[in-house]
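Here is a briefing on one chain.

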Amino acid sequence: MLSNRLFNLTTRRLAQSRGTFTKYFSTSSNDENIFSKISFLGTGKMAQAMMSPLINRHLQSPSSITAYDVSNSALDRVNSLYPGINTATCIKEAVMDSELIVYAVKPQNVDKVNSEIWKAVQEGKVRENAMILSVAAGKPIENFVAGSGIERVARSMPNTPAQIGAGVTVWGCTDNISSPDRLRIKKVLDSFGKTVFVDDESFIDMSTSISGSGPAYIFLLMEAMIDAGVHMGFSRDTATILTHHTLLGSTKFAMETGEHPAVLRNSVTSPAGTTASAIYELENGKFRTVIKDAIWACYRRSLEMGNKNSQVGPGRTNMVIMGTEEDLSGPEEEVENVKSKHHPIEPPKGEMHTHFDKNDLDGNGDGKKVA
């Protein structure tokens, strides 16, 4: 029986996965800092999600972290949460002698921060080997290189569960960041969840639409399920408990069994049963299509925020972008082919890595595996 097979598989994988969960929530001590100094520009929720595990797991001492924010109350809060951390009154002061500069600001503020960093670089207040780590959505690596004057840049897309150490972060970097430095950046990102390294930056924009903004989709589904439960007669507390544990248990079940979601769904769906009736309504309401369209819309917006061609996805064509005509200058039959493409721009190339291993890299800083 399928149910027995899934149960046995779950039991085996549960034992294997316990070590994985322990890894992400480890509290082991390490007196050596990952970087001699880390500067956080912006002290919002994502910055705090990064600071907390770095300090609490002894990966980075508070005295080796400097924070800057335009809000004095935000800096006061960081001081109260993490005693011993340094605060700065301006960006130039914050980045002075810093090895890793974390851009934890809103995307619309990136250019302003870049200009301040540029001035600091020109005045010799930034280390020659300094690196930028961005967590700002939509902003491509080239924006930081051209705008800040710092040539070694890593771009990442974490998500909100990072605040409880259960995030997933997709990231990539410039070729001139060496393997040892990539491992150090990964150690910072690993501190608040799982990481996936990508060789092609385009995957980061794509990940924004799935893992970056994905929690909002889940929260919306959660809200709808809770409200339906209340409508039927459950108390809100009970409906919330049922919904939370249904989503949590289903996710863990899918992860630990490794089965395709369709297989798991079919195992719950009896012919002419209650679940079959619910699935019919979801399919009739184009549930899958709405989810897919939302993900494509998010991806397009991410591209727009980086001033890239956003005419991708179902029903989109490369017509006129920002006053320039793209891909439509060829013969008529070629233009027609472009218009009919499901995904007009070329998909990203390169591998995605969920982890780094010292033997995976050739040490030249290009992220390629050793043959």
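Helices and strands here are DSSP runs, numbered from the N terminus: helices are H or I with at least four residues, strands are E with at least two. On that basis the chain has 14 helices and eleven strands. This is a predicted model, in which local features need pLDDT of at least 70, side-chain atom pairs count only at pLDDT 80 or more, and totals for chains, interfaces and linings use all residues. Residues are numbered from 1 along each chain as its sequence is written, and side-chain values use heavy atoms, with hydrogens and water left out.

**Whole chain**

- Of the 371 residues, 41% are buried. Buried means under 20% relative accessible area, exposed means over 50%, and partly exposed lies in between (1.4 Å probe, protein chains only).
- Take the contacts between residues at least 6 apart in sequence: 66% of them join residues at least 24 apart. A contact means heavy atoms within 4.5 Å.

**Helix α2**

- α2 covers residues 45-56. Its twelve residues reach 16 Å from first C-alpha to last, close to the 16 Å expected at 1.5 Å a residue. The expected span is 1.5 Å times one less than the number of residues.
- Nine of the twelve residues are buried, so α2 is largely enclosed by the rest of the structure.
- The buried residues of α2 include Met46, Met50, Met51, Leu54 and Ile55.
- Their packing partners are β1 (38-41), β2 (65-68), α3 (72-81), β4 (100-103), β5 (131-134) and α7 (179-190).

**Helices α8 and α9**

- The axes of α8 (residues 202-212) and α9 (residues 214-232) come within 5 Å and cross at roughly 25°. That makes α8 roughly parallel to α9.
- Axes are lines fitted to C-alpha atoms, for helices over the stretch in contact, and angles run from 0 to 180 degrees between N-to-C directions. Under 35 degrees counts as roughly parallel, over 145 as roughly antiparallel, 65 to 115 as roughly perpendicular, and the rest as oblique.
- α8 contributes Ser209, Ile210, Ser211 and Gly212 to the contact; α9 contributes Gly214, Pro215 and Tyr217.

**Aromatic pairs**

- The whole structure holds three aromatic pairs. Rings of Phe, Tyr and Trp (its six-membered ring) pair if their centres lie within 6.5 Å; planes under 30 degrees apart count as stacked, over 60 as edge-to-face and the rest as tilted.
- Tyrosine 103 and phenylalanine 144 pair edge-to-face, at 5.1 Å centre to centre and 85° between the planes.
- Tyrosine 103 sits in β4 and phenylalanine 144 in α6 (residues 141-148), so the pair ties together parts 41 residues apart in sequence. Both tyrosine 103 and phenylalanine 144 are buried.
- Tryptophan 296 and tyrosine 299 have ring centres 6.0 Å apart and planes at 50°, so this pair is tilted.
- Both lie in α13 (residues 287-305), three residues apart, about one turn of the helix. Tryptophan 296 is buried at 19% relative accessible area, and tyrosine 299 is buried at 5%.

**Positive phi**

- Most residues other than glycine have a negative phi.
- Histidine 58 has a positive phi of about 60° although it is not a glycine. Histidine 58 lies in the loop between α2 and β2 and is partly exposed at 39%.
- Asparagine 307 has a positive phi of about 55°. Asparagine 307 lies in the loop between α13 and β9 (320-321) and is exposed at 59%.

**Phenylalanine 197**

- Phenylalanine 197 is in strand β8 (residues 193-198). Its relative accessible area is 3%, so phenylalanine 197 counts as buried.
- Phenylalanine 197 and threonine 169 are 28 residues apart in sequence and 8.4 Å apart in space, C-alpha to C-alpha.
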